[in-house]
Amino acid sequence: MCAYVLVAEDDVKQAELVRRYLEREGHSVLVVHDGRAAIDEARGREPDLVVLDVMMPKADGLDVCRVIRAESDVPVLMLTARATEDDLLVGLDLGADDYVTKPYSPRELMARVRTLLRRARRSRDPGETLKVGDLLVDPARHLVSVAGGPVDCTPAEFRILETLAAQPERVFTRAQLLEEVHGFDRFITRRTVDVHMLNLRKKIEPDPRRPTRILTVYGVGYKLTDGSG
């Protein structure tokens, strides 16, 4: 899901790094460098996510979080160099959804961004049925069907299908799908995704050897189509 992300970070180089990684994932990004501007922008055009540095001029991140949370339920991901338990608890008590401590891995930051956006999307549309061609994915009832016939999926297969069906035609890398299914389990390899895809094709493709629904984008990953091609 492409989102509008507000990044409030007074370190210009750090802000630019976060912007590049967010835009690489298809998000629209606005960067501001002080707390006052963050509040104004959050009020002017409500973002889908706020990435908020704690130490900023004019208003620090904790004050910004307090104002945002009083007016909106937008997810807030805080960045901080202050990693004591008390510091983290203050931010969480003010309504921050997650914390990343500096220095951080950009990959970890993007994974947490995806988690917060996914959680927000599901909370907005808890019962939304996803339809791609004659494939139906019902998250509320944890059901899958093709042309009206039920499909028996494992929990991991279901999460992959739900992810793909939420954004048909979008190409997902194996790493992105792996995070959806297994989180950060370092003992699970990307080859696991290929095994899931093989099993899913056996269940939803008319001819698994010539798939028309779950397509491989060589060198990148997988995407879900309506099967008409």
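Colleague: What volume does the largest pocket have?
Modeller: About 240 Å³. A pocket here is an open set of points on a 1 Å grid over the protein atoms alone, where a 1.4 Å probe fits, with protein on both sides within 12 Å along at least five of seven lines. This is a predicted model, with local features needing pLDDT of at least 70 and side-chain atom pairs pLDDT 80 or more, while totals for chains, interfaces and linings use all residues. Residues are numbered from 1 along each chain, and side-chain values use heavy atoms, without hydrogens and water.

Colleague: Which residues are closest to the centre of that pocket?
Modeller: Of the eleven lining residues, those are E25, R107, R114, A175 and Q176; lining means having an atom within 4 Å of a point.

Colleague: And how does the lining divide into nonpolar, polar and charged?
Modeller: Three nonpolar, two polar and six charged.

Colleague: Which helices each supply at least two residues of the lining?
Modeller: α1 (12-24), α5 (106-124) and α7 (174-182).

Colleague: Switching topic, where does E205 lie?
Modeller: In the loop between α8 (191-204) and β11 (214-217). E205 is buried, meaning under 20% relative accessible area with a 1.4 Å probe, protein chains only.

Terms used. Grid points are joined across faces, edges and corners, and a volume is the space filled by probe spheres set on the points. Helices (H or I, at least four residues) and strands (E, at least two) are DSSP runs, numbered from the N terminus. Ala, Val, Leu, Ile, Met, Phe, Trp, Tyr, Cys and Pro count as nonpolar, Asp, Glu, Lys and Arg as charged, and the others, Gly among them, as polar. Buried means under 20% relative accessible area, exposed over 50%, partly exposed in between (1.4 Å probe, protein chains only). Lys and Arg count as positive and Asp and Glu as negative; His and the chain ends are not counted. A salt bridge is a side-chain nitrogen of Lys or Arg within 4 Å of a carboxyl oxygen of Asp or Glu.
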